[in-house]
Amino acid sequence: MTEHAVQTQICQTLRRLNMFFFKIPNEQKFKQYNPAAYASKMKAEGFRAGAPDLAVLLPNGVTLWLEVKRPAAYGIGKSGKQIIISPAGKQSAAQIEFEREVKLLGHLYYVVHSPAEAFKALEDAKNLSAGSVKIGGTN
């Protein structure tokens with residue numbers, strides 16, 4: 001399964017659950033036309049290297065950041081044992097730094113390799129959101 005397929009499944013389910021979420025268009029597709037000028041423009045407009053793929057906003061000010069990565073692909077080797085054909089996707093240095101910064105600010109950040117991992121993260125976030133102090137009030 002590709003990263004695109006995983007993220008698409010996550011988004012379809014978030015829509016079905018009527019969740020408020022959005023994709024952060026942070027791909028580095030600066031290869032066309034004038035890459036340096038485009039990169040400069042994007043940075044001026046708030047481009048942030050390492051920003052995750054999805055943000056899910058929950059009640060009581062809880063934000064869940066999801067970095068979606070390609071899951072590992074497995075096959076059967078000549079010995080008949082399961083082998084890894086391609087490893088799971090990993091965070092870049094910029095993504096690791098973004099994760100560190102948002103966690104210092106108290107946000108939830110998860111790296112997910114499957115829809116199941118994303119929905120475990122969503123359940124954790126919903127539980128935190130339900131127990132949060134409401135602005136202007138108490139639990």
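Me: Is Gln-7 buried or exposed?
Reply: This is a predicted model. The test is relative accessible area, and buried means under 20%. Gln-7 has 10%, so Gln-7 counts as buried.

Me: Where does Gln-7 sit, and which residues is it in contact with beyond its neighbours within four places in sequence?
Reply: Gln-7 belongs to helix α1. With those neighbours left aside, its contacts are Lys-23, Asp-53, Leu-54 and Val-68.

Me: Let me step back to the whole chain. How many helices and strands does the chain have?
Reply: There are four helices and six strands. Along the sequence they follow the pattern α-β-α-β-β-β-β-α-β-α.

Me: How much of the chain is buried?
Reply: The chain has 139 residues, and 34% of them count as buried. The accessible surface is about 9200 Å². Carbon and sulfur atoms own 58% of that surface.

Me: What share of the contacts with a separation of 6 or more joins residues 24 or more positions apart?
Reply: That share is 59%.

Me: Now the strands. How do β1 and β2 run, parallel or antiparallel?
Reply: Strand β1, residues 20-23, runs antiparallel to β2, and four bridges join the two. Phe-21 has Val-56 in β2 as its bridge partner.

Me: Which residue of β3 is the bridge partner of Val-56?
Reply: Leu-64 is that partner. The pairing of β2 and β3 is antiparallel, over five bridges. These two strands form a hairpin with three residues between them. In the turn, Asn-60 has a positive phi of about 65°.

Me: How should I read the side chains of a strand?
Reply: In a regular strand, side chains alternate between the two faces of the sheet. As for cover in this model, four of the five residues of β2 are buried.

Me: What should I expect of nonpolar side chains?
Reply: In soluble globular proteins they tend to be buried together. Here the largest nonpolar core has 20 residues. Those with the most contacts inside this core are Ile-10, Leu-14, Val-56, Leu-64, Leu-66 and Leu-122.

Me: Which elements give two or more residues to this core?
Reply: They are α1 (3-16), β2 (54-58), β3, β6 and α4 (115-131). Helix α4 gives the largest share, five residues.

Me: Which residues is Leu-14 in contact with, leaving aside neighbours within four places in sequence?
Reply: Leu-14 is in contact with Met-19, Phe-21, Val-56, Phe-119 and Leu-122. There is also a second, separate core of seven residues. Among its members are Ile-24, Ala-55, Phe-98 and Val-102.

Me: Which residues of α4 are buried?
Reply: They are Pro-115, Ala-118, Phe-119, Ala-121, Leu-122, Ala-125 and Ser-129. Around the axis they cover an arc of only 155°, so they lie on the same side of α4. Ala-116, Asn-127 and Ala-130 are exposed on the other side.

Me: What do the buried residues of α4 pack against?
Reply: They pack against α1, β2, β3 and β6.

Me: Can we run through α3 too? What span should its 12 residues have?
Reply: Helix α3, residues 93-104, should span 16 Å at 1.5 Å a residue. Its end C-alpha atoms are 17 Å apart, which agrees. The buried residues of α3 fall within an arc of 100° seen down the axis, so they line one face of the helix.

Me: Which residues of α3 are buried, and what covers them?
Reply: Gln-95, Phe-98, Glu-99 and Val-102 are buried in α3. Their cover includes β3 (62-68) and β6 (108-112). The face turned away from the buried side carries the exposed residues Ala-93 and Leu-104.

Key:
Residues are numbered from 1 along each chain as its sequence is written. This is a predicted model: local features need pLDDT of at least 70, side-chain atom pairs count only at pLDDT 80 or more; totals for chains, interfaces and linings use all residues. Side-chain values use heavy atoms; hydrogens and water are left out. The expected span of a helix is 1.5 Å times one less than its number of residues. Buried means under 20% relative accessible area, exposed over 50%, partly exposed in between (1.4 Å probe, protein chains only). The arc is that of the directions from the helix axis to the C-beta atoms. Contact means heavy atoms within 4.5 Å. A nonpolar core is a set of buried Ala, Val, Leu, Ile, Met, Phe, Trp, Tyr and Cys residues joined through side-chain atoms within 4.5 Å. Accessible areas come from the Shrake-Rupley method with a 1.4 Å probe; for residues, only the protein chains shown count as cover. Two strands pair if DSSP finds at least two bridges between them.
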